[in-house]
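Dear colleague,

Please find below the structure that I promised to hand over, followed by some notes on what came out of it.

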Amino acid sequence: THFASLGADIAICGRREDPLKETANSLTDQFGINAYYETLDIRSPQDVEGFVENVFNIKPLTGLVNNAAGNFISPTHKLSSRGFDAISNIVMHGTFYVTHSVGQKWIAQQLPGSILSILATWIWTGSAYVVPSAMSKSAIHAMTMSLAVEWGPKNIRVNAISAGPIKTLAASAIGDAKFLYKWNEDHSFLKRNVDIHDVGNSALY
């Protein structure tokens, strides 16, 4: 909503149409912007190419926010290869497919752009029982640093945000969420948890 509140047109994608439609309609009604949505499984590079083509046919993107996530808690020694792939195909492969497709468009058309990826703090700390997600988010961190050097001279900025625990409805379902929030609050420099507005303002910057 931070982007839309300042007049930015929005294109969103995801696997379920109902929440996409609801979000797009809400953004349009609340802020009077154009909101385009399309169902998409980012694990398919061909489908990603089609989505990006459709968006650029409407108008070229000026920014990309990578927020793909998938996770489940499992002891690593009990994790199957299919379970690992289920997470890494979304978080790592899917994020690269979208970033690569949009970047190709910008470079071919000599357009500036900005890429922002949402990371997780366990890139630096590690986290037991979520190894596929930790590995995948670490890969996105490496991609961010690499492309910042490679694409920066082409006027494409590449950055990332790792906000730590945020109080949301989804996060409240995590076991020991209250302990996590309290620990982070006690040990952070701000002595509080960040919220969605902090993240939104950082993304705008």
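Strand β3 (residues 63-66) pairs with β4 in the parallel sense over 4 bridges, where two strands count as paired if DSSP finds at least two bridges between them, and helices (H or I, at least four residues) and strands (E, at least two) are DSSP runs numbered from the N terminus. Between these two strands the chain passes through helix α4 (residues 81-108), and this β-α-β crossover is right-handed, a term that applies if, with the strands pointing away from the viewer, the path from the first strand over the helix to the second runs clockwise.

Before going further, please bear in mind that this is a predicted model, in which local features need pLDDT of at least 70 and side-chain atom pairs count only at pLDDT 80 or more, while totals for chains, interfaces and linings use all residues. Residues are numbered from 1 along each chain as its sequence is written, and side-chain values use heavy atoms, with hydrogens and water left out.

To return to the pairing, the bridge partner of Gly 63 in β4 is Ser 114. Strand β4 also pairs with β5 in the parallel sense, over 6 bridges, and there Ile 118 has Ile 161 of β5 as its bridge partner. In β4 (residues 113-118), 6 of the 6 residues are buried, that is, under 20% relative accessible area, with exposed meaning over 50% and partly exposed in between (1.4 Å probe, protein chains only). In a regular strand the side chains alternate between the two faces of the sheet. Both faces of β4 are covered, with Gly 113, Ile 115 and Ser 117 buried on one side and Ser 114, Leu 116 and Ile 118 buried on the other.

Most residues other than glycine have a negative phi.

Best regards
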